Amino acid sequence: MIAKVNAKKQRKKQGIICIYFCNQLIENRVRYLCLNVTKGYAIVEGTQPYTVEFEYENGEIRNLLCDCFCSYPCKHEVAAMLQLRESLAVIEERYSEAYAQSGYFATISKGTLFSFAIDGNDGGRFLL
């Protein structure tokens with residue numbers, strides 16, 4: 001009986017986490033994502049920036065690891081994986097030949113890029 005109650009609590013916790021996962025992606029919390037052949041890395045904004053590392057090969061994700069305090073699959077990991085899926089779809093559609101040659105891609109959110117580009121600059125121009 002105790003095992004059933006604990007399992008039910010765990011499913012409820014996972015359901016709540018799933019709602020957060022979607023919100024993380026919708027709110028554009030994945031600031032940076034890259035995949036270099038099979039090694040992947042992401043920075044996901046939460047109460048602080050969290051790093052997510054993973055391996056990706058033949059459509060499978062392995063060794064998913066976030067540096068947050070959670071001991072179970074966290075919202076940062078899922079947000080990074082949802083962003084990975086979205087990014088791979090765009091790359092397949094627009095940049096498949098370049099990706100096939102290099103095995104590397106990186107994405108960065110517009111806000112992060114803009115902030116990085118102008119951080120500390122008091123004057124000058126910025127062109128995209």
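Author: V37 sits in the loop between β1 and β2 (39-45). The model is predicted, and every value here is computed from it.

Take the surroundings of V37 first. Setting aside neighbours within four places in sequence, V37 contacts Y56, Y99 and G103. Y104 belongs in this picture too. The C-alpha atoms of V37 and Y104 are separated by 5.9 Å, yet the two residues are 67 apart along the chain.

Is V37 buried or exposed? V37 is exposed, because its relative accessible area is 53% and the cut-off for exposed is over 50%. So V37 has those contacts and still counts as exposed.

Now the backbone. The phi of V37 is near 60 degrees, a positive value in a residue that is not glycine. Most residues other than glycine have a negative phi. N63 also has a positive phi, about 50 degrees, and is not a glycine either. N63 lies in strand β4 (residues 60-66), whereas V37 lies in a loop. N63 is exposed, with a relative accessible area of 55%.

The largest pocket has a volume of about 350 Å³. Its lining holds 18 residues, and Q83, S87, A106, T107 and I108 lie nearest the centre. By class, nine lining residues are nonpolar, five are polar and four are charged.

Last, the whole chain. It has four helices and five strands. Along the sequence they run α-β-β-β-β-α-α-β-α. Of the 128 residues, 25% are buried. The accessible surface is about 9400 Å², and carbon and sulfur atoms account for 55% of it. Consider contacts between residues at least 6 apart in sequence: 43% of these join residues at least 24 apart.

Note on methods:
Residues numbered from 1 in each chain as written. Predicted model: local features only at pLDDT ≥ 70, side-chain atom pairs only at ≥ 80, totals over all residues. Heavy atoms only, no water. 1 Å grid on protein atoms, 1.4 Å probe; cavity = no way out; pocket = protein on both sides within 12 Å on 5 of 7 lines; lining within 4 Å. Points joined across faces, edges and corners; volume = space filled by probe spheres on them. Nonpolar A, V, L, I, M, F, W, Y, C, P; charged D, E, K, R; others polar. Helix = DSSP H or I, 4+ residues; strand = E, 2+ residues; numbered from the N terminus. Buried < 20%, exposed > 50% of the residue type's maximum accessible area, 1.4 Å probe, protein only. Contact = heavy atoms within 4.5 Å. Areas by Shrake-Rupley, 256 points an atom, 1.4 Å probe, with all protein chains shown as cover.
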